[in-house]
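Please examine the sequence and the model shown below.

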Amino acid sequence: YKSAYKNRSDYLALQKEIEASKIELAINKNSRLPQLDLVASLALNGVSNNFSGSTENIDSDNRIWGVGVEVSIPLQKRLSRHQTQKNKLVIKQKIISLKDKEQEINRQINQTYQGLVLAKKMYQSALKVKQSQYQKMQGEYKKFEQGRSDSDLVIRFQNDYIDAQK
């Protein structure tokens, strides 16, 4: 069964969707927490009356640096809370879909196996029928050689044997 799961692209796609939903859930949970961000900027300005002078002065002391810390605290967490609950439900639905897909794969494997077992039995019975038709034809041929049977019966048994071979 495990090799069947590994070779089914639809099953693997469902697994990846579940993993992606779990990552999205983690992101939603983290969005409800306070955030602390480091912010930095650098501006190089060249000041002159013309364009060429401005570009030459970029490397001079006209640099502006900015470093800071940004703190954001979500006050109302309703949207992220609802999004988290929605993601949990989506994950559960996808898990149910995955289990349904597993049952479908198992059912297909069992049907294929039963079909193979039936085909094997039919093949074995066809071999037995062929063998019995051959023996019947041989027996009738021996009778024909002894003069106790006619050619019509031998031909009929030969046709039965040919049909069994098919």
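Which residues of α2 are buried? In this predicted model, the buried residues of α2 are Y11, L14, I18, S21, L25 and N28. These residues pack against α1 (2-6) and α4. In general, an α-helix has 3.6 residues a turn, so residues three or four places apart point the same way.

The length of helix α2 (residues 9-31) can also be checked. At 1.5 Å a residue, its 23 residues should span 33 Å, and the end C-alpha atoms lie 33 Å apart, which agrees.

**Aromatic pairs**

A pair of aromatic rings is described by the distance of the centres and the angle of the planes. The model contains two aromatic pairs, and both values are listed for each in the table.

| Pair | Distance between centres | Angle between planes | Class |
|---|---|---|---|
| Y5 and Y11 | 4.8 Å | 20 degrees | stacked |
| Y134 and Y161 | 5.2 Å | 50 degrees | tilted |

Why is the pair of Y5 and Y11 stacked? The planes of the two rings stand at 20 degrees, and planes under 30 degrees apart count as stacked. Both Y5 and Y11 are buried.

The tilted pair of Y134 and Y161 links distant parts of the chain. Y134 lies in helix α4 (residues 78-146) and Y161 in helix α5 (residues 151-165), 27 residues apart. Is Y134 buried or partly exposed? Its relative accessibility is 38%, so Y134 counts as partly exposed. Y161, by contrast, counts as buried, because its relative accessibility is 14% and the limit for buried is under 20%.

Definitions and conventions:
Residues numbered from 1 in each chain as written. Predicted model: local features only at pLDDT ≥ 70, side-chain atom pairs only at ≥ 80, totals over all residues. Heavy atoms only, no water. Phe/Tyr/Trp six-rings, centres within 6.5 Å; stacked < 30°, edge-to-face > 60°. Buried < 20%, exposed > 50% of the residue type's maximum accessible area, 1.4 Å probe, protein only. Helix = DSSP H or I, 4+ residues; strand = E, 2+ residues; numbered from the N terminus. Expected span 1.5 Å × (residues − 1). Contact = heavy atoms within 4.5 Å.
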